Amino acid sequence: MFFASQIIHIVQASFFVLLAYRANHYLGLSDLMLYLLIGSFAEVVERMLTIIPSFVIMAKTIPPGIEGTMISLTMTLINLNQFILRTTWGTFINDNFVGVTKNRLGKYYILTLIQLASKFFPLFLINCLLPTVQEVNDL
């Protein structure tokens, strides 16, 4: 599920790059249609593929009696990542390296390319984070 979620992230970021370059007009897609497709549908599916596996893992590994606390902690961490940390890092990168403002959008495409490149980073970590079958059997 994590891998599928990251692939959806990458596809979604690719559509944002298309939108920044205005390449969607060459494909016959309006800005509104493309934004609704990538902004709402892909985001909901990505969150579903992120949150539901976390709940399944939590339900199977948590001892009885503290499920509510641990699921609340999990949701807090997921929301912290999705709504605070991503925004903070994006603002930091924009303010210190790119400099896009509402009056100067000339380098907006650079931000979308940075976003697309950053979506590949978790795919490189997947081998480090998930144990192999042999490692699980050794436990």
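A crossing of two helices is left-handed if the near helix is turned anticlockwise from the far one by less than a right angle, and right-handed if clockwise. In this predicted model, the crossing of α3 and α4 is right-handed, and the crossing of α2 and α3 is right-handed. The structure also holds three aromatic pairs.

**Helix α3 against helix α4**

- Helix α3 spans residues 67-98 and helix α4 residues 108-119; their axes come within 11 Å and cross at roughly 130 degrees.
- That angle makes α3 oblique to α4.
- On the α3 side the contact is made by Ile93, Asn94 and Val98, and on the α4 side by Ile110, Leu111 and Ile114.
- Sorted by class, the contact of α3 with α4 has five nonpolar residues, one polar residue and no charged residues.

**Helix α2 against helix α3**

- The axes of helix α2 (residues 31-61) and α3 come within 10 Å, crossing at roughly 155 degrees.
- Because angles over 145 degrees count as roughly antiparallel, α2 is roughly antiparallel to α3.
- From α2, the residues making the contact are Glu46, Arg47, Ile51, Ser54, Phe55 and Met58.
- From α3, Met70, Ile71, Thr74, Met75, Ile78, Gln82, Phe83 and Arg86 make the contact.
- By class, this contact of α2 with α3 has eight nonpolar, three polar and three charged residues.

**Aromatic pair Tyr21 and Tyr109**

- The ring centres of Tyr21 and Tyr109 are 5.6 Å apart and the planes stand at 45 degrees, so the pair is tilted.
- The pair links distant parts of the chain, with Tyr21 in helix α1 (residues 2-21) and Tyr109 in helix α4, 88 residues apart.
- Tyr21 counts as partly exposed at 46% relative accessibility.
- Tyr109 is also partly exposed, its relative accessible area being 32%.

- Trp89 has 55% relative accessibility and counts as exposed, whereas Phe92, with a relative accessible area of 41%, is partly exposed.
- Ring pairs link Trp89, Phe92 and Phe97 into a cluster.

Definitions and conventions. Residues are numbered from 1 along each chain as its sequence is written. This is a predicted model: local features need pLDDT of at least 70, side-chain atom pairs count only at pLDDT 80 or more; totals for chains, interfaces and linings use all residues. Side-chain values use heavy atoms; hydrogens and water are left out. Axes are lines fitted to C-alpha atoms, for helices over the stretch in contact, and angles run from 0 to 180 degrees between N-to-C directions. Helices (H or I, at least four residues) and strands (E, at least two) are DSSP runs, numbered from the N terminus. Angles under 35 degrees count as roughly parallel, over 145 as roughly antiparallel, 65 to 115 as roughly perpendicular and the rest as oblique. Contact means heavy atoms within 4.5 Å. Ala, Val, Leu, Ile, Met, Phe, Trp, Tyr, Cys and Pro count as nonpolar, Asp, Glu, Lys and Arg as charged, and the others, Gly among them, as polar. Rings of Phe, Tyr and Trp (its six-membered ring) pair if their centres lie within 6.5 Å; planes under 30 degrees apart count as stacked, over 60 as edge-to-face and the rest as tilted. Buried means under 20% relative accessible area, exposed over 50%, partly exposed in between (1.4 Å probe, protein chains only).
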